[in-house]
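Hi,

Here is the structure I said I would pass on. Have a look at it, and then read my notes below.

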Amino acid sequence: MAMDERDLIRHFFGEPGVDPAAKARARLLLGEAMQGRRRDVSRIGVAAAIVAVLVVSALVWSTSRPRSAAARALDDLAAVPYTALEPGSGEYLHQVSEEVRTEAQEVLGGGEVRAQVLLDVDQWLREDGSGEVRSVTRAVTFPSPEDERAWSESGGPPLPVAGRLVRDEFGPGEGPLVAAEDIPVDPDLLVTSLRDGSIAPYGQGDALAFALIGDLLAQGNLPGPTRTALLSAATTLDGVRLLGPDEDQLGREGESFSVRATNVETRLLFDPDTGGLLSRETYEQTPSGAWDLVGWQAYISVELVRRIPAAAS
C-alpha cells in the first residue's frame, strides 16, 4: 500500500517531539533514509517529508517552550484580583512603611563610616505628586563590626539620633509618586521606560528596574491592566529568579523573587493570597564576593485620606 506524507514521516523519523535538536536529527535521519529507501518513493515525496518534519518540529518546539518558574509565579500573581485605590480631588494616598537605609559619611584620612538607620515612614501624596513624607529615626546600628570599629577610631562622628523627625514637602510633580497614566502598558515601551529612567530615575540595570516595579506596585493606586503589565514586564528582566517561600524583616511570609545585575540585587516579597507587595530588599556585593543586605522597605498599609495631620511637636 502506498504511504501518504504523514505515514512516510512516521516511517522514517518517528513522531516529532519537543526536542530543540529535532531539526538536526531530522537532517541526519533523512540522509540515512535516502540511502536505504525503496526506489519507488519519488524525490518529490522525500522533499515533502523533509519540509513536513522540519516545520512540525519547529512549531511544536516554539509553542511548547516552557516558561521559567519565576515567570509562571509572576503570572499567577497577576491573576489575583486586586482593587486599586483611586484618589479623588484633594485626596492623598497615605502609605505607612518601615525602612532601613545604609548611610555613609566620610571621615578624616579619606575613610568612610557606614551606619544603618531604621525609620518609620509616613507619606501623604496626591496623584499629582504633591504632599509630604515624614521619617522618624527609631534606631541606628552598624552593618558590620568593621564599620563600628571605623566609627570609633575616627572619633565617633555624629550619628542620627533616635526620635529625629525629618519632613519633606513636595509640590506638584515633585513627590515620589507616579501617576497611573504615566506608566505605559505597551509591553515593549514599558520595559524600555523602566530601564531608561523615563518613569523614574532609579539608575541603570535590571535590578534597579525591578526595584522600581516594586515601588510602583506598592503605591496602591494602579489599575488592574497597569499592575498586570508591570508583573509581566518583570518576567522579561535579565536573570529574574523565583526564590520561593521567605519572610520579610517584619516576619511576614510570602513568595520571594530576585533580579541580580552587576553588584546589586533586588528582592521583592509578595503575598500570594492578595497579590500585594510586602517588601523590597537591596543587596550589594562585597569585595569578597558575599552579598550584604544594605537596605529594605516593608510596606505596611496604604489608604485614602482627606488631610495631612499636624506633625507631633
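Let me start with the contacts, where contact means heavy atoms within 4.5 Å. Among contacts in the protein between residues at least 6 apart in sequence, 59% join residues at least 24 apart. Before going further: this is a predicted model, so local features need pLDDT of at least 70 and side-chain atom pairs count only at pLDDT 80 or more, while totals for chains, interfaces and linings use all residues. Residues are numbered from 1 along each chain as its sequence is written, and side-chain values use heavy atoms, with hydrogens and water left out.

The protein has eight helices and nine strands; these are DSSP runs numbered from the N terminus, with helices being H or I of at least four residues and strands E of at least two. Of its 313 residues, 40% count as buried. Buried means under 20% relative accessible area, exposed means over 50%, and partly exposed is in between (1.4 Å probe, protein chains only).

**The core**

Which residues touch the most other members of the largest nonpolar core? They are Leu194, Leu216 and Leu230, out of 37 residues in that core. A nonpolar core here is a set of buried Ala, Val, Leu, Ile, Met, Phe, Trp, Tyr and Cys residues joined through side-chain atoms within 4.5 Å. At least two residues each come from α4 (69-79), α6 (187-196), α7, α8 (224-235), β6 (253-261) and β7 (264-270). The largest share is that of α7, with eight residues.

Neighbours within four places in sequence aside, Leu230 is in contact with Ile183, Leu190, Leu194, Ile213, Leu216, Leu217 and Leu222.

Leu194 sits in helix α6 and counts as buried, at 3% relative accessibility. With neighbours up to four places away left out again, its contacts are Ile199, Ala209, Leu212, Ile213, Leu216, Leu230 and Ala233. Leu194 and Asp206 are 12 residues apart in sequence, and their C-alpha atoms are 8.6 Å apart in space.

**Two helices with a buried side**

In α6, the buried residues are Leu190, Val191, Ser193 and Leu194. Seen down the axis, they fall within an arc of 165°, so they line one face of the helix. The arc is that of the directions from the helix axis to the C-beta atoms. Their cover includes α7 and α8. Asp188 also lies in α6, but Asp188 is exposed, with a relative accessible area of 62%. The C-alpha atoms of Asp188 and Ala233 are separated by 8.5 Å, although the two are 45 residues apart along the chain. Just after α6, Gly197 takes a positive phi of about 85°.

Now for α4, whose buried residues are Ala70, Ala71, Ala73, Leu74, Leu77 and Ala78. These cover an arc of only 165° around the axis, which puts them on the same side of α4. Asp76 and Ala79, on the other side of α4, are exposed. Among the elements covering the buried residues are α8, β5 (241-247), β6 and β7.

**Around β6**

Not counting residues up to four places away in sequence, Ser256 touches Arg241, Leu242, Leu243, Gly244, Asp246, Arg267, Leu268 and Leu269.

In the loop between β6 and β7 you will find Thr262, which is exposed, with a relative accessible area of 76%. Thr262 has a positive phi of about 55° although it is not a glycine. Most residues other than glycine have a negative phi.

**The largest pocket**

The largest pocket has a volume of about 590 Å³. On a 1 Å grid over the protein atoms alone, a pocket is an open set of points where a 1.4 Å probe fits, with protein on both sides within 12 Å along at least five of seven lines; lining residues have an atom within 4 Å of a point. Grid points are joined across faces, edges and corners, and the volume is the space filled by probe spheres set on the points. Of the 34 lining residues, Gln123, Pro176, Leu177, Tyr202 and Asp215 are the closest to the centre of the pocket. Elements giving two or more residues to the lining are β1 (92-106), β2 (112-125), β3 (131-141), β4 (165-170), α7 (206-218) and β9 (291-305). The lining divides into 16 nonpolar, eight polar and 10 charged residues.

Cheers

How values were computed
Nonpolar A, V, L, I, M, F, W, Y, C, P; charged D, E, K, R; others polar.
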